[in-house]
Amino acid sequence: SSELISIIKKMVSLTPTIFDEIEKVILEIIKDGKIDSKDIPQLILLIQQIYQFVYSLKDIKMDTKKRSELTGNILKYIIHLLILERKIIIDDDKQMEFITNCDMLIELCVGLMSFPKVIKSKKCLSFFK
């Protein structure tokens with residue numbers, strides 16, 4: 001989307017090395033050709049770092065859900081780009097499965113960031129009202 005492109009341009013202009021840093025972390029996570037349980041903490045830290053950057057963009061009004069979605073879309077875009085550029089080497093017959101699983105994992109992690117806003121807890125003693 002145009003919004004995603006705009007934010008990626010801001011990321012590059014404000015922090016020119018950010019994509020190199022993100023690429024290093026992603027390549028470290030995927031160096032064995034898969035994402036398994038030992039990689040999850042690094043992935044979550046990467047999502048947190050991207051989210052913090054998106055959050056720091058004060059000139060763009062976004063709610064928590066929008067920031068979370070944008071964070072996930074940025075990370076998915078970068079991973080897809082790295083696969084297309086062959087910086088992440090995945091066998092051609094396994095690429096779609098890898099991308100699908102990676103996207104799903106990112107969406108689940110990002111979904112946890114907006115999860116507290118979705119749940120509305122009942123007050124403990126609401127029956128006394």
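Visitor: How do the residues lining the largest pocket divide into nonpolar, polar and charged?
Guide: Five are nonpolar, two polar and three charged. Ala, Val, Leu, Ile, Met, Phe, Trp, Tyr, Cys and Pro count as nonpolar, Asp, Glu, Lys and Arg as charged, and the others, Gly among them, as polar. This is a predicted model, where local features need pLDDT of at least 70, side-chain atom pairs count only at pLDDT 80 or more, and totals for chains, interfaces and linings use all residues. Residues are numbered from 1 along each chain as its sequence is written, and side-chain values use heavy atoms, with hydrogens and water left out.

Visitor: Which residues line that pocket?
Guide: Gly33, Lys34, Ile35, Ile90, Lys94, Glu97, Phe98, Asn101, Cys102 and Leu105. A pocket is an open set of points on a 1 Å grid over the protein atoms alone, with protein on both sides within 12 Å along at least five of seven lines; lining residues have an atom within 4 Å of a point.

Visitor: How much space lies in it, the largest pocket?
Guide: About 220 Å³. The volume is the space filled by probe spheres set on the points, with a 1.4 Å probe.

Visitor: Switching to helices. At what angle do α2 and α3 pack?
Guide: About 165°, with the axes 10 Å apart. Helix α2 is residues 18–29. Helices are DSSP runs (H or I, at least four residues), numbered from the N terminus. Axes are lines fitted to C-alpha atoms over the stretch in contact, and angles run from 0 to 180 degrees between N-to-C directions. α2 and α3 are therefore roughly antiparallel (over 145 degrees).

Visitor: Which residues of α2 and α3 meet?
Guide: Ile18, Ile22, Val25, Ile26, Glu28 and Ile29 in α2 meet Gln42, Leu43, Leu46, Ile50 and Phe53 in α3. Contact means heavy atoms within 4.5 Å.

Visitor: What about α2 and α4, at what angle do they cross?
Guide: Roughly 70°, with axes that come within 11 Å. That makes α2 roughly perpendicular to α4 (65 to 115 degrees). Phe19, Ile22, Glu23 and Ile26 of α2 contact Leu75, Ile78, Ile79 and Leu82 of α4. Seven are nonpolar, none polar and one charged.

Technical notes: Helices (H or I, at least four residues) and strands (E, at least two) are DSSP runs, numbered from the N terminus. Angles under 35 degrees count as roughly parallel, over 145 as roughly antiparallel, 65 to 115 as roughly perpendicular and the rest as oblique.
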